[in-house]
Amino acid sequence: MVDALTEAHRILVERGVFVDARPDSRVLARVRARSARGRVIGTVGTQRPTKTDDVMSDRAVREVLRRKLFRSRRRGRLWHAIPFEDESELNDYLRDHLRFSRRVEWRVPRARRRNPLFVERAVRFEILEKRSNDGLTSA
Amino acid sequence: MFPGGLGYLRPPAEIELGAYGLDLRGLRVADIGTGEGRLALGAARDAASVLAVDPDRGALARGRAEARRQGVSNVKFSEGAAQSLRLPDASFDVVIFSWTL
């Protein structure tokens with residue numbers, strides 16, 4: 001991962017901008033009922049191997065900041081909602097998902113789950129700026 | 001409208017790029033790990049040029065087809081991996097890794 005960030009640094013002009021955006025596995029995805037702004041009726045976590053990968057990605061970003069390849073300009077988060085007709089469609093989606101846990105942690109009994117369902121997940125991003133090559137330090 | 005957009009497995013390009021708050025007008029952009037070019041095609045609306053890089057040839061082919069369908073001419077799709085980009089030094093103003101690291 002550090003290799004990829006080093007390559008990004010190499011192809012950028014001085015003070016060029018690097019964007020790292022990824023789903024935020026530190027935050028549970030919310031399952032909302034009826035609309036994308038509807039009541040939260042469940043949550044979906046992230047698979048453990050994916051969480052581990054995300055931690056490694058975070059470390060890689062911290063490493064290039066430590067090496068003074070980049071400086072952090074801004075961080076942020078956006079939310080993205082994915083619609084599903086019903087619980088069956090959502091379960092099919094989760095069954096093969098590479099990041100999400102395989103099942104929903106429901107907060108309400110089945111009888112109170114209203115369709116359609118919306119899985120709202122966080123996407124975090126960080127804007128970095130390339131620092132002068134003068135600031136480079138060895139690995 | 002819900003801020004992340006609806007009906008997509010990933011955020012629409014205009015939503016995600018808007019969240020970054022970058023002015024891409026006239027800039028050279030590299031979208032590394034572009035997949036089918038979702039963000040690259042969005043960035044092309046403002047950027048001078050966009051290079052869309054991904055190791056998946058099938059995804060790149062679908063991206064090229066979508067670029068043709070949209071009439072976008074300032075995006076180039078290229079096979080490559082983030083760890084070893086065959087690109088010149090200091091050749092881009094913005095590099096994007098979205099769902100890449």
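Is R73(A) buried, partly exposed or exposed? I looked that up first: R73(A) is partly exposed, at a relative accessible area of 44%.

**Ground rules**

I am working on a predicted model, where local features need pLDDT of at least 70, side-chain atom pairs count only at pLDDT 80 or more, and totals for chains, interfaces and linings use all residues; side-chain values use heavy atoms, with hydrogens and water left out. Residues are numbered from 1 along each chain as its sequence is written, while chains are lettered from A and ligands numbered from 1 in the order in which they are written.

For burial I use these cut-offs: buried is under 20% relative accessible area, exposed is over 50%, and partly exposed is in between (1.4 Å probe, protein chains only). Helices (H or I, at least four residues) and strands (E, at least two) are DSSP runs, numbered from the N terminus.

**Salt bridges**

I count a salt bridge when a side-chain nitrogen of Lys or Arg is within 4 Å of a carboxyl oxygen of Asp or Glu. Over all chains, the structure holds 28 of them.

Back to R73(A): I find a salt bridge between R73(A) and E129(A), with the closest N and O atoms 3.5 Å apart. E129(A) is in strand β6 of chain A and R73(A) in strand β4 of chain A, so this pair ties together parts 56 residues apart in sequence. E129(A) is buried, at 5% relative accessibility.

Next I checked D58(A), which forms a salt bridge with R124(A), the closest N and O atoms being 2.7 Å apart. This pair links distant parts of the chain, with D58(A) in helix α2 of chain A and R124(A) in strand β6 of chain A, 66 residues apart. Both ends come out buried: D58(A) has a relative accessible area of 17%, and R124(A) has 15%.

E7(A) is buried at 12%, whereas R10(A) is partly exposed at 23%.

**The two α1 helices**

Helix α1 of chain A covers residues 2-11, and I note A4(A), L5(A), E7(A), A8(A), H9(A) and I11(A) as buried there. What covers these buried residues includes β1, α2 (48-66), β4 and β6 of chain A, together with β1 (28-32) and β4 of chain B.

In chain B, helix α1 (residues 13-20) has A13(B), I15(B), E16(B), L17(B) and Y20(B) as its buried residues. They pack against β1 (12-23), β4 (70-84) and β6 (117-130) of chain A, along with α2 (38-43) and β4 (92-98) of chain B.

What does E16(B) touch? Taking contact as heavy atoms within 4.5 Å, and leaving aside neighbours within four places in sequence, I get A21(A), L78(A), P11(B), R38(B), L39(B), S98(B) and W99(B). E16(B) counts as buried at 0% relative accessibility.

Y20(B) is also in this helix, and it is buried at 2%. Not counting residues up to four places away in sequence, Y20(B) touches V19(A), A21(A), R74(A), F125(A), I127(A), L39(B), I96(B) and S98(B). Just after the helix, G21(B) takes a positive phi of about 70 degrees.

Most residues other than glycine have a negative phi, and most peptide bonds are trans. I looked for exceptions.

- R15(A) has a positive phi of about 65 degrees although it is not a glycine; R15(A) sits in strand β1 of chain A and is exposed at 60%.
- R34(A) has a positive phi of about 75 degrees, and it is not a glycine either; I place R34(A) in the loop between β2 (29-33) and β3 (40-44) of chain A, exposed at 57%.
- The peptide bond from N115(A) to P116(A) is cis, with omega near -5 degrees; P116(A) is in the loop between β5 (105-106) and β6 of chain A.
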